Amino acid sequence: MKTLEWEDNKLKLIDQTKLPDELTYVYCENYQDVIIAIKDMIVRGAPAIGVSAAFGMALADIEGVDLNKAALEIKTARPTAVNLFWAVDRVLNSDDALTEALRMYEEDMATNRAIGKFGSEIIDDGDTVLTHCNAGALACVDYGTALGVFRAAHEQGKNINVICDETRPRGQGASLSVWEMQQENIPVKLIPDVASGFLMSQGKIDKVVIGADRIARGGVVNKVGSFMVALAAKHHDIPFYVAAPYSTFDNDISIFDTVIEERDGDEVRYYGGARICPKNTEVINPAFDITPKELITGIITEKGIIDPI
Ligand code: MRU
């Protein structure tokens, strides 16, 4: 099962807004469909957004649209994951859009396997590992970054227990990460976002591994809530790792200059379809936060484990 596939000159995406109850697909027939799919989070997660955007460029090329124009439009889909900008520019600078997109698709799978191999070295038999959001197969073409580390450890025969934060407000930990681990019979439990500090204080979490939307000078941007988990892990001396490919690195900027996406307030006002606050309550809904490098034990990349930059 792949999160995205190129099929009959269309981009086929798992509709992640329908998981965990329905495994259905959306077909993007033109590059505007890809922009909508990224905006509406039918496809989400930094590497998956990047490869989808690359196929969006390929669709624009097939449609005969000026690629510079398409690039500008695709780059407006979401602001934070650097993979989107990296992927669009890479296709723009290539000789053949579709060939380059297909190359990036293959590379993403190989990259995640390599991250899994290096990352599995930090996982011990019997570990209970915590993750936040979904940095799994669904956030990439396949296999995943943080969840790829757990998959690799599991494939090596290590007994691990995975704990997923629910990841309010959109619930990617609950609906996507738990689902992925269950598909492969990797032991998994769901916890409320607010419970990880308590579980750490009880000695019930050995390591934390999360993904990243951007890694730049000074730290890492990932799903909102990651920073609080990192603070709790530091307090309890629990190793806190970030697993991400080099396509997520943005060496040119300070992490504190990253544009953090602000999403619709209704994501917070409503829970499971029901409003949980007075009508018209003002909401602040940042989709990501910044974990400073002092809180990060190491970054697991496809070339090995490195220090944060
Ligand atoms: O808003 P999302 O669901 O796109 O956010 C995803 C994350 O924050 C992931 O942890 C990150 O993109 C890494 S995916 C390998």
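At what angle do helix 2 and helix 3 pack, and how far apart are their axes?

**View 1. Packing of helix 2 against helix 3 in the predicted model.** Helix 2 (residues 46–63) and helix 3 (residues 67–74) pack at about 145°, and their axes lie 10 Å apart. Helices are DSSP runs of H or I with at least four residues, numbered from the N terminus; axes are lines fitted to C-alpha atoms over the stretch in contact, with angles from 0 to 180 degrees between N-to-C directions. Residues are numbered from 1 along each chain as its sequence is written. In this predicted model, local features need pLDDT of at least 70, side-chain atom pairs count only at pLDDT 80 or more, and totals for chains, interfaces and linings use all residues.

**View 2. Residues between helix 2 and helix 3.** Helix 2 contributes Ala53, Gly56, Met57, Ala60 and Asp61, and helix 3 contributes Leu67, Ala70, Ala71 and Ile74, to the contact (heavy atoms within 4.5 Å).

**View 3. Domain 1 and domain 2.** The domain assignment, an automatic or database one, gives domain 1 (2–107) and domain 2 (121–304). Their centres, taken over C-alpha atoms, are separated by 23 Å. The contact takes 27 residues from domain 1 and 29 residues from domain 2.

**View 4. Area buried between the domains.** Domain 1 and domain 2 bury about 2,200 Å² (accessible area, 1.4 Å probe, lost on being put together and summed over both), 58% of it on carbon and sulfur atoms. In domain 1, Arg44, Thr80 and Val82 lose the most area to domain 2, together 27% of what that side buries.

Methods: Side-chain values use heavy atoms; hydrogens and water are left out. Helices (H or I, at least four residues) and strands (E, at least two) are DSSP runs, numbered from the N terminus. Buried area is the accessible area (1.4 Å probe) that two parts lose on being put together, summed over both.
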